Amino acid sequence: MIHFLLLFSRQGKLRLQKWFTPLSELEKKKVIRDMTLMVLARPPRTSNFLQWRDLKIVYKRYASLYFCTGLEEKDNELLALEMIHRYVELLDKYFGNVCELDIIFNFEKAYFILDEFLMCGEILETSKFAVGGSVEEADTLQETMEEYMSKPAY
Amino acid sequence: MSPSVPLQEMIRAIRSARTQCEERGVIQRECAAIRAQFRQSDNGGRSHNLAKLLYVHMLGYPAHFGQMECVRMIASPRYSEKRVGYLGAMMLLDEKQDASLLITNSIKNDLSHSNQYVQSLALCTLACMGSAEMCRDLAPEIDRLLQSSNSYIKKKAALCAVHIVRKVQDLGELFVPAARSLLSEKNHGVLHGAVVLITQLCERNPETLKRFRKVCLVWFFLQTVPDLVQIMKGLIISGYSPEHDVSGISDPFLQVRILRLLRILGRNSESASDAMNDLLAQVATNTDSTKTVGNAVLYETVLTVLDIKSESGLRVLAVNILGRFLLNSDRNIRYIAMTSLQKIVGTDHNAVQRHRGTIVDCLKDQDASVKRRALELSLALVSASNIRSMIKELLLFLSSCPPELKAQATSGIFIAAERYAPSKRWHIDTILHVLTTAGGDVRDETVPNLIHLITSASELHCYTVHKLYRALLTDISQQSLVQVACWCIGEYGDLLLKGECQETEPVQVSEDDVLDALETVLQSHMSSSATRGFALTATMKLSTRITDNVDRIRSIVSIYGSCIDVELQQRAVEYNALFKKYDHMRAAVLERMPLIEKNNSGNANGEATRETLTETNSSRTAQEERVPPPPQQQPAKQTYDLLDLLGGASEPLQQSPAAQTLPIITSSSAGGDLLDLLGGLEPTPGPVTPAPSATVYEKDGVTLTLSCEQQSDSSLAVTLTATNASQSDISGFTLQAAVPKSVQLNMNAPSRDSLPAQGAAQLTQLVMLNNPNKVNLKMRIRISYTRQGSAFQDMVQVDSLPGLGAAGHT
């Protein structure tokens, strides 16, 4: 099971945080601080795996965003890399050529997509099309046209 | 009140703030507006406000006032509000908050909502932050959903059930039938959820199971093995499926989960492992390993093969795959390979040894994580046959290794060297090499261990002292190295000055050079207090080993008599005394140390020996030394028993107590070992049995009785009782005792220190003796007291403790 998924920029600003274990606010802040420090300090062309406390940390950099997740001892790190990649693909499909600004201005959509893809620290849906389809269908239920049509307009 | 700004406007405003202060200002204004909006009744923009609050929360600002709003919005009939409300609940509430209980009812209602997306919101939230009570409440509902016909809901219900089982382990039984039947689904999402659920049910904590008297479900799910094998085969052989395909592999996520479940099921079952063999071989050979995803599946397969009761051919195949991984250009794969090899190095040692070369090469990798794994694995692979080459590589690694790995590396090298050292000289060389490279990161026991090693390699004394002297000249910053070097120079300085050595090139060293080196250490600001203590003692020891510069040594020693460091000052003063008053004893006191008996288990005897010998060294006033029984009972010609200094000189003891020049240790509760005051004692095994008491001394009304009690095989408790039958009071009554060399003595504090007249009270003192060598126990007791203003001292010798032979005589 994965314990958390964090997205942060190169400057260490948090863009998305999903926690799959109950932690207090203080503990969450500590984890975020540690992750940002550790991952941002890694030189390029090193492996994507780290050891932190009793968790395996898998991180991957996509353009200006770092995706960082914490796994348990028995989890498969290479599969975690694939999982991160799949999530990026889903975001890309939904937003159309996703970039960091999309995730900043539409963070709640990013969460909705994540909630269709992962649950309880495990993968929920393995099909590429099903996730995007569910989110779009759910969007149609939004009560007002204005909300439904609100796409990134920065 | 300013109108509330839509979410994106606010985000833009926050981002355009140039300073932290400005940002805080914007956020404070927004939060105030949001709070005001929350207090108002329902308006169209509620979801906007909550979304804004969640954004602010993500930036790290407090947002707890939004919790109640979340609860309210979850209960709203509008979907957009529910959506944001549930999101807010997942972000702001957790099971520890009281507000989370309030949403239980909403979740319950929404679980039976007609719209599947509302149901899914409820399921998702329950799985994210459901507390144990909520889980108990809603478990039957989840079970019902697991059997619905909607696969969208089924897959979510499956993972929700996983959460419930994690939180409340004994609810697992509830989901067993549903989990079993889900395996016949076609939908990959549902299948995946089912496999995860079954895995969770099988992995339940055995402790909890015992507590609730539940059965481990692995045996139940063994029947699913054929189904799982079937599903896997379908995935591997099936044609291209666009929605599940990842670089040519059909649904790798599901494949990996099935492999993991097979691992758990086959771990303890022969039949299950047999059923999987073919499948695992097929996956291992057919999976394309050019991309990460293929390697992920291969990796899981390897882990499964190594964990179940697989046949040997399959195991070899698995280890070979790991070997291939080790040669992969992708660092991640190499890291993974080493992690897995670490797990099997205990069981399949030979298989891993074959890849030793590659592993050792990984020590030179740039990546710190890879280096760490390579170090652990290399240390595990050291054996008697490859010790020399491995240690060479590890020493090379040590010189360039990152600081966080240094301590692990040094202790690993020491342990390996100790276990497999081919020769003493190699061992000493290795330790010296480590000390010069990474002396700051070695453990504290290294110094005494090394000293012990050096003393035991008597043929290498000359070589060692030359090497250490050279090392000392080069660099005096590594404290452990300097300490050992000083000790050696002090002990074997004469060998150094002789100049010739078979093992290493001879170098002409004059006495001045040696003293210069020691003085540099003494005066350097880099030397710690302990190191300077070593150096001072070494200087002192040289006074008996060199001939010309004794005066220089005297001057050095006397200078430190006024040193600020109390430890050094004490030593210097005592050494000074050794020069002045006790010059006749100096040679004997500073003779070579005998072989230290090393006790590996924290035996009090051994521990104290190590500490005493390395910290205080022989030049402490001999009476305070504690020396273990020498291996041979006869003092060998060249190793002088340190404390035998009074062996031949028993005259001082017969002198009148008043003229006593020998400071004998006073009785103290710390206790110290005493000299062999009785000289020339041949240790013979004597029966030590519990004995009654006997009067050992009687004079001027002072009576001393002694009684013994056998505590254990070698320890004896002796109680001394003194009474005063005379007419006048006695004050300042003290007893001092001496026992044979090999016996340890520990005197507890006396019950009182004065004896009133006419036996009004008596004084008792307990003495603990430890006689491991079972020598004949004798004791010499000195009594001193003050009566009517005048001091009095007397001595009594107890040749055999009461009950063992004749009573003591004066």
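Arg72(B) is partly exposed, with a relative accessible area of 40%, whereas Glu69(B) is buried at 2% (buried means under 20% relative accessible area, exposed over 50% and partly exposed in between, with a 1.4 Å probe and protein chains only). The model is predicted, local features requiring pLDDT of at least 70 and side-chain atom pairs pLDDT 80 or more, while totals for chains, interfaces and linings use all residues. Residues are numbered from 1 along each chain as its sequence is written, chains are lettered from A and ligands numbered from 1 in the order in which they are written, and side-chain values use heavy atoms, with hydrogens and water left out.

The side chains of Glu69(B) and Arg72(B) meet in a salt bridge at 2.6 Å, N to O (a side-chain nitrogen of Lys or Arg within 4 Å of a carboxyl oxygen of Asp or Glu). Both residues lie in helix H4 (residues 67-74) of chain B, three residues apart, about one turn of the helix (helices are DSSP runs of H or I with at least four residues, strands runs of E with at least two, numbered from the N terminus). In chain B, Glu300(B) and Arg263(B) also form a salt bridge, at 2.9 Å from N to O, and both residues are buried. Salt bridges with shared partners join Glu69(B) and Arg72(B) with Arg46(B), Arg78(B) and Glu81(B) into one network.

Between chain A and chain B, eight salt bridges are found, including that of Glu122(A) with Arg166(B), at 2.9 Å from N to O. The contact (heavy atoms within 4.5 Å) takes 65 residues from chain A and 70 residues from chain B.
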